[in-house]
Amino acid sequence: MTLYEQWQDLINNQTDETFEAFWKEYSSAETRIYSGILADPDKKVTGTFKELAEKYQANPVILMGFLDGINTSLNNEQDFAVFDERSEIDLEINYEKLYFNMLEAKADYLYTLPQWENVLTEGQRQEIAKVWKKSKTIVKEKEPGRNDPCLCGSGKKYKKCCGAN
């Protein structure tokens, strides 16, 4: 079974009894990894899968979960499903996208890390948060009025056409 399959198995088979312990281990490892990455944002995250697991003191399956989660924040997404412990990892992180995705995931324990100050200014983070909030705003389409032209293009008034029901 590949590391990715082990990760999927782990995440999909959590029960009410096991979830708290799993979440504690995962969020702790994730915080440790992001703290290390954000502390030196100019340093590339490279090495073998096994080397990175050791560097960040993470269980290899949990590291796979981290990689699965950060994948959409990379400049070049990778197919981690085929990775094993000998696979070379080279992450080009788009930090703006990462911050946005952390907001999207409601991961306040990550987007409030003090190391973000090394990466994005307060203004940049506020602007990303503003864009994120705007992406959540639902804009309701204006209903046609009784005397407006019908949306179907018949040329009739809405009240005499599709609005007659």
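Predicted model: local features only at pLDDT ≥ 70, side-chain atom pairs only at ≥ 80, totals over all residues.

Q: Which residues touch the most other members of the largest nonpolar core?

A: Residues are numbered from 1 along each chain as its sequence is written, and side-chain values use heavy atoms, with hydrogens and water left out. A nonpolar core is a set of buried Ala, Val, Leu, Ile, Met, Phe, Trp, Tyr and Cys residues joined through side-chain atoms within 4.5 Å. Buried means under 20% relative accessible area, exposed over 50%, and partly exposed in between, with a 1.4 Å probe and protein chains only. Here the largest core has 42 residues, and Tyr34, Leu63, Ile93 and Trp116 touch the most other members.

Q: Which helices and strands each supply at least two residues of this core?

A: Helices (H or I, at least four residues) and strands (E, at least two) are DSSP runs, numbered from the N terminus. Those supplying at least two core residues each are helices H1 (3-12), H2, H3 (49-55), H4, H5 and H7, together with strand S2 (88-91).

Q: With which residues is Leu63 in contact, leaving aside neighbours within four places in sequence?

A: Contact means heavy atoms within 4.5 Å. On that basis Leu63 meets Ile33, Phe49, Leu52, Ala53 and Ala58.

Q: Which residues of helix H5 are buried?

A: In H5, which spans residues 95-104, Tyr95, Leu98, Tyr99, Met102 and Leu103 are buried. Viewed down the helix axis, they fall within an arc of 140 degrees (taken from the directions from the axis to the C-beta atoms), so they line one face of H5. These residues pack against helices H2 (16-39), H4 (60-70), H6 (108-111) and H7 (122-136).

Q: What does Asn94 do at the start of H5?

A: A polar contact is a pair of N or O atoms within 3.5 Å; within protein, one must be able to donate a hydrogen and the other to accept it, and residues adjacent in sequence count only if both atoms are side-chain atoms. Here a side-chain oxygen of Asn94 comes within 3.2 Å of the backbone nitrogen of Glu96.

Q: Is Arg125 buried or exposed?

A: Arg125, in helix H7, has a relative accessible area of 10% and is therefore buried. Beyond neighbours within four places in sequence, Arg125 contacts Tyr99, Trp116, Glu117 and Leu120.

Q: How many aromatic pairs are there?

A: Rings of Phe, Tyr and Trp (its six-membered ring) pair if their centres lie within 6.5 Å; planes under 30 degrees apart count as stacked, over 60 as edge-to-face and the rest as tilted. The count by this rule is twelve. Trp23 is partly exposed at 36%, while Tyr26 is buried at 8%.

Q: Where is Lys106, and what is its phi?

A: Most residues other than glycine have a negative phi. Lys106, in the loop between H5 and H6, has a positive phi of about 55 degrees although it is not a glycine. Lys106 is exposed, at 63% relative accessible area.
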